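Visitor: I have a chain to go through with you. Can we take it piece by piece?

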Amino acid sequence: MKSRARAYCSSANLGSGFDVLAVALDAYYDEVWAEAEPAEQTRVEVVEVVGPYSAGVPRESNTAQIAVESLMRKLNVYARVELGIWKGVPVGSGLGSSGAAAAAAVVAVIKALNLEVSRDIAAKAAGEGERGSAEEPHYDNSSASLFGGIAVIYSLDPLKVYSFSPTKELQFVIAIPRVDLGDKKTKKMRSVLPRSITLKSHVEASAKLAALILGLQLGDPELVGIGMKDYIVEPRRAPLIPAYHKAASYALEAGAAGISISGAGPSLIALCHDKSDPIRDALRTAYEEEGIAVDVKKTRPAPLRPWPPL
């Protein structure tokens with residue numbers, strides 16, 4: 001039995017939504033094909049990794065492989081599974097590359113084996129795949145790639161994810177600088193975060209998160225922009241992101257409703273009002289002035305995936 005699935009890239013946090021919110025974006029995607037058949041013991045193997053961003057992606061301990069192994073354990077299902085990955089999401093960019101591969105693999109195997117899987121189990125398995133790149137599970141990027149639209153993690157134990165599409169269309173611009181933040185980027189970016197915050201900071205952050213989720217639901221750029229202003233995580237990470245301050249300043253001056261680091265960076269994501277071209281041009285100019293090559297793309301939230309997947 002053979003099946004194929006696609007999962008879009010994603011941008012996590014959007015400022016105040018650290019570790020609990022991500023949006024799937026139609027700018028890039030991964031595809032995974034799975035060939036699976038029942039067996040006495042489970043064996044999952046990645047047999048090929050191809051595509052424009054396949055260089056350096058391992059076949060052993062791959063996020064897709066780990067996610068599928070996790071899915072099999074949770075369902076107590078035994079199968080021999082071969083996976084092929086087409087990498088269309090830039091690796092190490094802060095656009096959920098590992099989460100996209102894991103999500104696509106989970107969906108492909110569900111379809112190949114005709115499994116009945118709840119959203120919660122699928123989200124848990126896809127998030128476990130992140131151990132292959134981040135050494136610990138993260139559920140925001142992988143859930144957005146798995147379900148499409150905007151994913152909100154509203155419970156961690158047990159894991160619960162709510163997904164929705166904005167009632168009005170939103171448009172973003174993403175800037176992907178061609179810089180390398182080094183090995184174990186996610187771990188490094190988490191290491192600079194504060195271990196505790198004041199009650200006042202918690203209340204302020206909660207207000208920003210409320211604005212972010214409400215704005216995304218309503219498709220209201222003003223509200224989303226307020227929610228993208230983070231005072232806890234972003235200030236600690238900003239010094240590690242090349243050209244962050246100049247790019248953010250230029251984008252806001254060009255009319256962006258908000259801008260934030262995408263995931264652990266180095267990419268930035270800006271929210272537009274009506275016109276995206278001035279923001280796109282401003283971001284490109286900011287990086288060029290710093291001598292940094294950059295890819296800048298207009299993008300929108302990816303569509304929701306029907307569940308169970310078709």
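Guide: Start with the domains, whose bounds come from an automatic or database domain assignment. The chain is divided into domain 1 (2-164) and domain 2 (172-299). This is a predicted model: local features need pLDDT of at least 70, side-chain atom pairs count only at pLDDT 80 or more, and totals for chains, interfaces and linings use all residues. Residues are numbered from 1 along each chain as its sequence is written, and side-chain values use heavy atoms, with hydrogens and water left out.

Visitor: What separates the centres of domain 1 and domain 2?

Guide: 24 Å, taken over C-alpha atoms. The contact takes 28 residues from domain 1 and 32 residues from domain 2. Contact here means heavy atoms within 4.5 Å.

Visitor: Now the second largest pocket. Which domains does its lining draw on?

Guide: Domain 1 and domain 2 each give at least three residues to that lining. A pocket is found on a 1 Å grid over the protein atoms alone, as an open set of points with protein on both sides within 12 Å along at least five of seven lines. A cavity is a set of points where a 1.4 Å probe fits but cannot get out. Lining residues have an atom within 4 Å of a point.

Visitor: How much space lies in the second largest pocket?

Guide: About 370 Å³. Grid points are joined across faces, edges and corners, and a volume is the space filled by probe spheres set on the points.

Visitor: Which residues lie nearest its centre?

Guide: S16, I197, A205, D230 and I232, out of 22 lining residues. Strand 2 (17-38) and helix 7 (199-218) are the elements that give two or more residues to this lining. Helix 7 gives the most, with 7 residues. Helices (H or I, at least four residues) and strands (E, at least two) are DSSP runs, numbered from the N terminus.

Visitor: And how does that lining split by class?

Guide: It has 10 nonpolar, 7 polar and 5 charged residues. Ala, Val, Leu, Ile, Met, Phe, Trp, Tyr, Cys and Pro count as nonpolar, Asp, Glu, Lys and Arg as charged, and the others, Gly among them, as polar.

Visitor: How many cavities of 30 Å³ or more does a search of the whole structure find?

Guide: The search finds 1. The largest cavity has a volume of about 40 Å³. Its lining is N13, G15, V233, E234, R237, I261 and G263. By class, those residues divide into 2 nonpolar, 3 polar and 2 charged.

Visitor: L14 falls between two of those numbers. Is L14 buried or exposed?

Guide: L14 is buried, with a relative accessible area of 0%. Buried means under 20% relative accessible area, exposed over 50%, partly exposed in between (1.4 Å probe, protein chains only). L14 sits in the loop between strand 1 (2-13) and strand 2. L14 is not a glycine, yet its phi is positive, about 50°.

Visitor: What about D19?

Guide: D19 also has a positive phi, near 70°, in a residue other than glycine. D19 is in strand 2. Its relative accessible area is 25%, so D19 is partly exposed.

Visitor: Switching to cis peptides. Where are they?

Guide: P158 is in the loop between strand 5 (150-156) and strand 6 (159-164). The bond from G265 to P266 is cis too, with omega near 5°. P266 lies in the loop between strand 8 and strand 9.

Visitor: On to helix 10. Which of its residues are buried?

Guide: Y244, A247, A248 and A251, in a helix that runs over residues 244-253. Seen down the axis, these buried residues fall within an arc of 95°, so they line one face of helix 10. That arc is taken from the directions from the helix axis to the C-beta atoms.

Visitor: What covers them?

Guide: The cover includes helix 9 (234-237), strand 8 (258-261), strand 9 (268-271) and helix 11 (277-289). The face turned away from the buried side carries the exposed residues H245 and E253. Just after helix 10, G255 takes a positive phi of about 110°.

Visitor: Last one, K298. What does it touch?

Guide: K298 touches Q171, F172, V173, S276, D277 and R280, not counting residues up to four places away in sequence. K298 is in strand 10 (residues 294-299). With a relative accessible area of 39%, K298 is partly exposed.
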